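The labels below come from stated rules. Each answer sets a value against its rule.

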Amino acid sequence: MTETATRPHVLVIDDEPNIRDLVQAALRFHGFTVTTAETGGEGLDLARDRHPDLILLDVLLPDVTGFDVCRRLRDAGDDVPVIYLTARDTPSDTVTGLSLGGDDYVTKPFSVEALIARIRALLRRTRRDDPAPETGRGDDGVLRVADLELNERTWTVRRAGVPIELSPTEFRLLAYLMGNAGQVLTRAQLLENVWGWDYAGQSQIVETYVSYLRRKLDPLGPALIHTQRGVGYALRVPDPAA
């Protein structure tokens, strides 16, 4: 087996040579295979050719924005985990980047060790062949709540037998809600367990993704995701008498 087959492969897309060199050296030191690109176009080509396990993506690139790169990846059906690297840290930028399918957001300047920890945490959460956490899943890897089914082995979701297309982040959020069905989960719990990091009060990220899920689930039956005002959200079996 080759080295690249056994080590996680990270693609770094950043036009700043010092950032690329620093991140590349740190990743290789920690056992990762690394490919780098200076532009969004070059990064897209490498993503298609090399199929990395994760992409570190600068938001401000010389040809296209990192947001555009992520959008093109998702439009092409590529759900590779993406961590944005940016000097901009406004709530609107955060919402935009994550709503386009990004998975995490790191502000420059950053701690290299903290970045490595983020990468490892994201890879653990998104690797499809990892064992599922113990949250009441059946032996077949399927979570079932009412007429909603989520298969963690095939990454498919159905409601009343109808397939539902979800982004990677939407899928993980729904899986966590279903795995804790009936419980009220705080925004902080959802941020920590779905995104894996503290958003320092930016709960609009959770609200945005809950809204996305509701738009896809609610047309197919009674509402499943309920808001506990001032606290968070719960996924509950519909009351037949309601």
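Q: What makes a stretch of residues a helix or a strand here?
A: Helices are DSSP runs of H or I with at least four residues, strands are runs of E with at least two, and both are numbered from the N terminus. Helix H9 (204-217) is one such run. The model is predicted, so local features need pLDDT of at least 70 and side-chain atom pairs pLDDT 80 or more, while totals for chains, interfaces and linings use all residues. Residues are numbered from 1 along each chain as its sequence is written, and side-chain values use heavy atoms, leaving out hydrogens and water.

Q: How far apart are tyrosine 209 and tyrosine 212 in helix H9?
A: They are three residues apart, which means a separation of about one helical turn.

Q: Why is the pair of tyrosine 209 and tyrosine 212 called edge-to-face?
A: Rings of Phe, Tyr and Trp (its six-membered ring) pair if their centres lie within 6.5 Å; planes under 30 degrees apart are stacked, over 60 edge-to-face, and the rest tilted. For tyrosine 209 and tyrosine 212 the centres are 5.2 Å apart and the planes stand at 75°, so the pair is edge-to-face.

Q: What makes tyrosine 209 buried?
A: Buried means under 20% relative accessible area, exposed over 50%, and partly exposed in between (1.4 Å probe, protein chains only). Tyrosine 209 has 2%, so the residue is buried.

Q: What makes a nonpolar core, and which residues of the largest one touch the most other members?
A: A core is a set of buried Ala, Val, Leu, Ile, Met, Phe, Trp, Tyr and Cys residues joined through side-chain atoms within 4.5 Å. The largest has 30 residues, and Leu174 and Leu235 touch the most other members. Strands S6, S7 and S12 and helices H7, H8 and H9 each supply at least two residues of this core. In soluble globular proteins, nonpolar side chains tend to be buried together.

Q: Which residues is leucine 174 in contact with, leaving aside its neighbours within four places in sequence?
A: Contact means heavy atoms within 4.5 Å. The partners of leucine 174 are Leu148, Leu150, Val157, Leu166, Leu213, Leu217 and Leu235.

Q: How do you know that S6 and S7 pair?
A: Two strands pair if DSSP finds at least two bridges between them. Four bridges join S6 to S7, so the two strands pair, and they run antiparallel. Arginine 144 stands opposite glutamate 149 in S7. The two strands form a hairpin with two residues between them, and alanine 146 in the turn has a positive phi of about 55°.

Q: Which strands are called edge strands, and why?
A: The open sheet of five strands has the order S2-S1-S3-S4-S5, with parallel pairing. S2 (33-37) and S5 (104-107) are the edge strands: each pairs on one side only. Inside the sheet, S3 (residues 54-58) and S4 (residues 82-86) pair over four bridges.

Q: What angle does helix H4 make with S4?
A: Angles run from 0 to 180 degrees between N-to-C directions, and axes are lines fitted to C-alpha atoms, for helices over the stretch in contact. H4 (residues 66-75) runs at about 170° to S4, lying across S1, S3, S4 and S5.

Q: What makes glutamate 16 and lysine 108 a salt bridge?
A: The rule asks for a side-chain nitrogen of Lys or Arg within 4 Å of a carboxyl oxygen of Asp or Glu. The closest N and O atoms of glutamate 16 and lysine 108 are 2.9 Å apart, so the pair qualifies. Glutamate 16 lies in the loop between S1 and H2 and lysine 108 in the loop between S5 and helix H6 (112-126), so the pair ties together parts that are 92 residues apart in sequence. Glutamate 16, at 31% relative accessibility, counts as partly exposed, whereas lysine 108, at 15%, counts as buried. Asp14, Glu16, Asp58 and Lys108 are linked in a network of salt bridges. The count comes to 13 salt bridges.
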